[in-house]
Amino acid sequence: MGEADRDPTTIRSLAISPKDAVDAFVYGRENPGEGVLRITPPFHGRMRARIHVYHVDDAPVTGAIHVAPADVIEADVVDAYPTLEDELEGADAAETERIRERHGDAVEEWRATARTALVDSVSLETAAGTHRVDVKPLG
């Protein structure tokens, strides 16, 4: 792979599955570790970003670029993500299971909304600085 194949500024657009974006976002809220959308070299004009979960970031070794899922979902939708901690605060043991079920339903509703709320473009951080690319939803 040549040096040109490792230049992320050649990327013009990212194909992203809305499901991958939403799953990566939720993973990061509900689990240990980090969920991202990963772009791997060789880089070219149109790239596919796929869900990637990690505990140790290997991007410096692989040359991959990680895009935070919150960066590709509209900000107002990200802000509307239902948090279980807020609902459980002050709840007694009898209420806990009902609250967890209600939270699960709220997250499923949020997922449906978020899958239709991808942004039109996103910035990638590169060695050359910020590089803006178009987002092309798959499906």
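**Helix contact and aromatic cluster**

Mentor: Start with the helix contact: V22, D23, F25, V26 and E30 in α1 meet H103, W110, R111 and A114 in α5. By class, this contact has five nonpolar, one polar and three charged residues. This is a predicted model, in which local features need pLDDT of at least 70 and side-chain atom pairs count only at pLDDT 80 or more, while totals for chains, interfaces and linings use all residues. Residues are numbered from 1 along each chain as its sequence is written, and side-chain values use heavy atoms, with hydrogens and water left out.

Trainee: What makes F25 count as buried?

Mentor: Buried means under 20% relative accessible area, exposed over 50%, and partly exposed in between, with a 1.4 Å probe and protein chains only. F25 has 1% relative accessibility, so F25 counts as buried.

Trainee: And W110, buried or exposed?

Mentor: W110 is buried, because its relative accessible area is 5%. Y81 is buried as well.

Trainee: Why is the pair of F25 and W110 called stacked?

Mentor: Rings of Phe, Tyr and Trp (its six-membered ring) pair if their centres lie within 6.5 Å; planes under 30 degrees apart count as stacked, over 60 as edge-to-face and the rest as tilted. F25 and W110 are 5.1 Å apart, centre to centre, with 25° between the planes, and the pair is stacked. The pair links distant parts of the chain, with F25 in helix α1 and W110 in helix α5, 85 residues apart.

Trainee: What makes the pair of F25 and Y81 edge-to-face?

Mentor: The angle between the planes is 70°, and the centres are 5.5 Å apart, which gives an edge-to-face pair. F25 lies in helix α1 and Y81 in the loop between α3 (75-79) and α4 (84-88), so this pair ties together parts that are 56 residues apart in sequence. F25, Y81 and W110 form one aromatic cluster.

Trainee: Which residues are in contact with F25, leaving aside its neighbours within four places in sequence?

Mentor: They are P69, A70, I73, V78, Y81 and W110, where contact means heavy atoms within 4.5 Å.

Trainee: How do you know that R29 lies over the face of F25?

Mentor: A charge sits over a ring if NZ of Lys or CZ of Arg is within 6 Å of the ring centre and within 35 degrees of the ring normal. R29 lies over the face of F25, at 3.8 Å from the ring centre.

Note on methods:
Helices (H or I, at least four residues) and strands (E, at least two) are DSSP runs, numbered from the N terminus. Ala, Val, Leu, Ile, Met, Phe, Trp, Tyr, Cys and Pro count as nonpolar, Asp, Glu, Lys and Arg as charged, and the others, Gly among them, as polar.
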